[in-house]
Amino acid sequence: MRKALGAVAALLLWGCGGAGTDVPSAAPGSPEGLTLSSEAGLTRGTWGQDVSFSSQEVEPGVYRLEVRTHGLTLTGLMDPASGVSTLDGFADQNAQDTQVLDADREVLAAFYQALNQGLPAGDAATPEAMYLRRAVGMWAQYPTSVTLKRTVMGEQGRGYTMLCSYAKCAGKNVGSCGGTYNWYSYAKHDCDKGGFDNARNQQIAQLGDHTSCNGDEYYMNGSTWVCGEPDHWSRPKVMGNCFGRSGSGCGGDTQYTVDATNHDGCVRNGHVLASGWCDDQFVSASDDELFAPNCY
């Protein structure tokens with residue numbers, strides 16, 4: 001982490017009121033319950049009575065994040081230029097280490113969707129707002145069995161591999177594929193059914209924001225597209241609901257990577273979001289979600 005002492009000093013100033021005294025207000029077009037306050041290098045606010053949040057640039061290119069909800073505090077110190085982030089979480093009651101549970105994920109997922117609506121999409125958001133949104137999207141999927149206190153490191157080509165070209169079909173980033181697909185082979189995982197090389201743990205996927213059905217995806221059953229998720233079929237063709245995109249569903253950022261695709265291929269293939277079988281895919285995809293650039 002660059003200039004760690006400088007970051008600590010800035011945090012102390014922030015805690016003493018150095019961030020300003022403006023009162024958050026609802027921005028035009030913001031979802032109900034979301035208040036946002038923005039000034040140079042700082043985004044903060046609340047979402048209903050469930051969440052308070054802040055993200056501040058504490059030194060050039062380094063961002064301090066905090067999200068509080070239902071007695072849980074989540075923090076992060078992100079240095080995107082170096083590809084390093086330190087994450088933590090604790091219970092407000094006793095400041096002890098804790099876990100993300102189903103109720104927490106439910107609140108964080110709804111908060112993530114509110115940020116997607118309330119903040120500009122992709123790179124149009126300020127950096128501190130964009131990294132806040134990315135971290136919330138990651139926390140909204142956080143498995144109970146993965147420790148909150150950890151360091152995430154990412155480097156393109158090593159920590160994450162982009163799949164932007166596979167997110168297109170018929171030459172478009174969004175919209176109907178019109179029967180012209182660009183399949184990525186394979187979205188894969190390992191679990192109680194077998195390893196990465198097991199055909200039942202693999203899916204042939206059309207990545208990207210092209211279709212969805214009732215908030216789910218489509219899979220090919222014979223010659224017919226069916227709404228739902230196949231459970232450990234042998235290499236089915238799947239598409240929809242922004243398959244391969246970092247974050248939950250179609251979020252405010254457009255990062256399509258190998259690890260995010262494999263995580264999708266796990267939780268959408270007979271497992272649930274917080275399944276222990278998908279922990280390794282989640283951990284591998286964390287740096288993708290925090291640091292990978294937007295595809296469009």
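Arginine 134 and aspartate 253 pair through their side chains in a salt bridge, with 3.5 Å from N to O. The model is predicted. Its chain is split into domain 1 (2-153) and domain 2 (164-291). In total, the structure has nine salt bridges. Two of the salt bridges found by the rule cross the interface of domain 1 and domain 2.

**How the two domains meet**

- The centres of domain 1 and domain 2, taken over C-alpha atoms, lie 27 Å apart.
- Contact between the domains involves 29 residues of domain 1 and 20 residues of domain 2.
- Together the two domains bury about 2000 Å² between them. Carbon and sulfur atoms give 59% of that area.
- Which residues of domain 1 lose the most area to domain 2? They are Tyr112, Arg134 and Gln141, which together make up 34% of what that side buries.
- Nine residue pairs are in polar contact between domain 1 and domain 2, counting pairs with both residues at pLDDT 80 or more.

- Five elements each supply at least two residues to the side of domain 1 that touches domain 2: β5 (72-79), β6 (84-91), α2 (102-118), α3 (127-139) and β7 (150-153).
- Helix α3 gives the most to this side, with seven residues.
- By type, the residues on this side are 16 nonpolar, eight polar and five charged.

**Threonine 75 in strand β5**

- Strand β5 holds threonine 75.
- Is threonine 75 buried or exposed? Threonine 75 counts as buried because its relative accessibility is 12%, and the cut-off for buried is under 20%.
- Leaving out residues up to four places away in sequence, threonine 75 touches Arg64, Leu65, Glu66, Thr86, Leu87, Asp88, Phe90 and Trp139.

- Aspartate 102 and arginine 105 form a salt bridge, and their closest N and O atoms are 2.6 Å apart.
- Both residues sit in helix α2, three residues apart, so about one helical turn separates them.
- Aspartate 102 is exposed, at 57% relative accessible area. Arginine 105 is buried, at 6% relative accessibility.

**Salt bridges between loops**

- Side chains of opposite charge can pair when their charged atoms come close.
- Aspartate 209 and arginine 245 meet in a salt bridge through their side chains, at 3.9 Å from N to O.
- Aspartate 209 is in the loop between β9 (202-206) and β10 (218-221), and arginine 245 is in the loop between β12 (237-239) and α4 (258-267). The pair therefore ties together parts that are 36 residues apart in sequence.
- Aspartate 209 is partly exposed, at 28% relative accessibility. Arginine 245 is buried, at 6%.
- A salt bridge also joins the side chains of glutamate 217 and arginine 268, at 3.0 Å from N to O.
- How many residues apart in sequence are the parts that glutamate 217 and arginine 268 tie together? They are 51 residues apart, because glutamate 217 lies in the loop between β9 and β10 and arginine 268 in the loop between α4 and α5 (279-291).
- Glutamate 217 and arginine 268 are both buried.

How values were computed:
Residues numbered from 1 in each chain as written. Predicted model: local features only at pLDDT ≥ 70, side-chain atom pairs only at ≥ 80, totals over all residues. Heavy atoms only, no water. Domains from an automatic or database assignment. Contact = heavy atoms within 4.5 Å. Buried area = accessible area lost by both parts, 1.4 Å probe. Salt bridge = Lys/Arg side-chain N within 4 Å of Asp/Glu carboxyl O. Polar contact = N/O pair within 3.5 Å; in protein donor to acceptor, adjacent residues only side chain to side chain. Helix = DSSP H or I, 4+ residues; strand = E, 2+ residues; numbered from the N terminus. Nonpolar A, V, L, I, M, F, W, Y, C, P; charged D, E, K, R; others polar. Buried < 20%, exposed > 50% of the residue type's maximum accessible area, 1.4 Å probe, protein only.
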